[in-house]
Amino acid sequence: MGVEFLAAINCMPEGEETPIKDAQFIADQLKPFINEDVVAVFTDNASACKNAGKLLEEDFSHLFWVPCAAHVLDLLLEDICKAAWSAAVVVRAKDLVNFVRLHQWCLGLYRKHAAEGCKLELLRPGETRFATAWIMLERLQHARLDLAAT
């Protein structure tokens, strides 16, 4: 018992550039793998996947659809980033990181102090995932003494 990977299914029709995003198609692809031992199906949070999960829950009373935890957390962090107080903090942090990284003399001074202290590089957040903004903030927190010495 436990988690088991059963299959990968190509949802890209031959000659097409976009995958099939139909809930019934997704549910039909998953049904052959579901028996009494399968208690949950984990998928992305896309609307077609959510709807496929609902269809499967209707057909199999013992089955639960579970959204991707990483995606749920990313959506949660996205909502937090929309709050005025956190958006301002993230913008200021990005400005600080960009200033240090784009000015060689400042970056060199930071690295000199970081070599004696936390030894961490400053990270820039990615544009697509909000969790990276929080990773950047955490790194700044670890590097705060070295930044202060810079």
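Colleague: Which exposed residues does the face of α2 turned away from its buried side carry?

Modeller: This is a predicted model, in which local features need pLDDT of at least 70, side-chain atom pairs count only at pLDDT 80 or more, and totals for chains, interfaces and linings use all residues. Residues are numbered from 1 along each chain as its sequence is written, and side-chain values use heavy atoms, with hydrogens and water left out. Helices (DSSP runs of H or I, at least four residues) and strands (E, at least two) are numbered from the N terminus; buried means under 20% relative accessible area, exposed over 50%, and partly exposed in between (1.4 Å probe, protein chains only). In α2, the face turned away from the buried side carries the exposed residues Ser47 and Glu58.

Colleague: Which residues of α2 are buried, and what do they pack against?

Modeller: The buried residues of α2 are Ala48, Cys49, Ala52, Gly53 and Leu56. They cover an arc (that of the directions from the helix axis to the C-beta atoms) of only 140°, which puts them on the same side of α2. These buried residues pack against α1 (23-30), β1 (40-43) and β2 (64-67).

Colleague: Within what arc do the buried residues of α4 fall?

Modeller: Ser86, Val90, Ala93, Val97 and Val100 are buried in α4. An α-helix has 3.6 residues a turn, so residues three or four places apart point the same way. Seen down the axis of α4, the buried residues line one face of the helix, because they fall within an arc of 100°.

Colleague: At what angle do the axes of α4 and α5 cross?

Modeller: Axes are lines fitted to C-alpha atoms, for helices over the stretch in contact, and angles run from 0 to 180 degrees between N-to-C directions. Helices α4 and α5 are therefore roughly perpendicular (65 to 115 degrees) to each other. The axes of α4 (residues 84-102) and α5 (residues 104-116) come within 5 Å and cross at roughly 100°.

Colleague: Which residues make this contact?

Modeller: Contact means heavy atoms within 4.5 Å. From α5 come Gln104, Trp105, Cys106, Leu107 and Tyr110. From α4 come Phe99, Val100, Arg101 and Leu102.

Colleague: Is His113 buried or exposed?

Modeller: His113 is found in helix α5. Leaving aside neighbours within four places in sequence, His113 is in contact with Asp146, Ala149 and Thr150. With a relative accessible area of 17%, His113 is buried.

Conventions
Angles under 35 degrees count as roughly parallel, over 145 as roughly antiparallel, 65 to 115 as roughly perpendicular and the rest as oblique.
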